[in-house]
Amino acid sequence: IYQSFLDEPNDANFFKALIGNYLLESLYFYNGFAFFDTLVYNSKMIATGRMINYIRRDELTHVVLFVNIIREIRKEFPDMYDEKMILDMFKEAVKQEIHWTNHIIGDSITGMCKTATEQYTKWLANDRLNTLGIKPLYPEVSQNPYKHLEAMQDNNSEKTNFFESTVVNYTQSSSMKG
């Protein structure tokens, strides 16, 4: 997608690259986040879970950035905005994310299964489309199947409080020499 824009830098290819970035930041790899969150929920790999939280927080910042850019393009440059292309790209991304996750994880992790992977990916796609003001691709999927992960994944609500978490990545100055 990026190469197409480099080879032929026009509005259509720019918009497609923008949607590709939005999908990269908002849909791809979120099953990977769910994998680590499920392990943390089961009291495994706690420190890795903290790192994944920081990565997800960073990704969500980018999601907001791309949502704002796409909304502005829709408003300011309606000829560039292509909702059919967005939906086509989302369908392909959902298919790829489900296929990849089922290949890597499948049904081998307690708390995750192929059915939940499919439901979660479609739910997430619907949610991301909703932020763009687009109707869901999968109206039959209206709930996140990973209820136990919602509090872990909501970094901007009252469910999580940065100041109440345990700081583990700083060393006390009194223990340092030199």
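Predicted model: local features only at pLDDT ≥ 70, side-chain atom pairs only at ≥ 80, totals over all residues.

Student: How many helices and strands does the protein have?

Tutor: Helices (H or I, at least four residues) and strands (E, at least two) are DSSP runs, numbered from the N terminus. Here the protein has seven helices and zero strands, so that from the N terminus on its elements read α-α-α-α-α-α-α.

Student: What share of the residues counts as buried?

Tutor: A residue is buried under 20% relative accessible area, exposed over 50% and partly exposed in between, with a 1.4 Å probe and protein chains only. By that rule, 38% of the 178 residues of the protein count as buried. One case is Ala 125 in helix α6, which is buried with a relative accessible area of 0%. Ala 125 is 16 residues from Val 141 in sequence, and the two are 9.9 Å apart in space, C-alpha to C-alpha.

Student: At what angle do α2 and α4 pack?

Tutor: Axes are lines fitted to C-alpha atoms, for helices over the stretch in contact, and the angles run from 0 to 180 degrees between N-to-C directions. Angles under 35 degrees count as roughly parallel, over 145 as roughly antiparallel, 65 to 115 as roughly perpendicular and the rest as oblique. The angle between α2 and α4 is about 150°, with their axes 9 Å apart, and the two are therefore roughly antiparallel to each other.

Student: Which angles do the pairs α2 with α5 and α3 with α6 make?

Tutor: Helix α2 (residues 11–26) and helix α5 (residues 83–104) have axes that come within 10 Å and cross at roughly 40°, which makes α2 oblique to α5. Helix α3 (residues 30–41) and helix α6 (residues 114–131) also have axes that come within 10 Å, but these cross at roughly 125°, and α3 and α6 are therefore oblique to each other.

Student: Is the crossing of α2 and α4 left-handed or right-handed?

Tutor: A crossing is left-handed if the near helix is turned anticlockwise from the far one by less than a right angle, and right-handed if clockwise. The crossing of α2 and α4 is left-handed, whereas α2 passes α5 in a right-handed crossing, and α3 passes α6 in a right-handed one.

Student: How many salt bridges does a search of the whole structure find?

Tutor: A salt bridge is a side-chain nitrogen of Lys or Arg within 4 Å of a carboxyl oxygen of Asp or Glu, and the search finds seven of them. One of these joins Lys 84 and Asp 88, whose closest N and O atoms are 2.7 Å apart; both residues lie in helix α5, four residues apart, about one turn of the helix. Lys 84 counts as exposed at 57% relative accessibility, while Asp 88, at 36%, is partly exposed.

Student: What separates Glu 92 and Lys 95 along helix α5?

Tutor: Being three residues apart in helix α5, they are separated by about one helical turn, and their side chains meet in a salt bridge (3.4 Å, N to O). Another salt bridge links Asp 127 with Arg 128, the closest N and O atoms being 3.5 Å apart. Asp 127 is partly exposed at 29% relative accessibility, whereas Arg 128 counts as buried at 8%.

Student: Which residues form a nonpolar patch on the surface?

Tutor: Patches are made of residues with over 30% relative accessible area and no salt bridge, where like charges are joined within 9 Å and nonpolar side chains (Val, Leu, Ile, Met, Phe, Trp, Tyr) within 5 Å. Accessible areas come from the Shrake-Rupley method with a 1.4 Å probe, and for residues only the protein chains shown count as cover. Ile 1, Tyr 2, Leu 24 and Phe 29 form such a patch, with about 380 Å² of accessible area together. Ile 1 is in the segment before α1 (2–7) and is partly exposed, at 48% relative accessible area.

Student: Where does Ser 43 lie, and what is its phi?

Tutor: Most residues other than glycine have a negative phi. Ser 43, in the loop between α3 and α4 (46–76), has a positive phi of about 60° although it is not a glycine, and it counts as exposed at 61% relative accessibility. Met 45 is placed in the loop between α3 and α4, with a positive phi near 55°, and is partly exposed at 43% relative accessible area.

Note on methods: Residues numbered from 1 in each chain as written. Heavy atoms only, no water.
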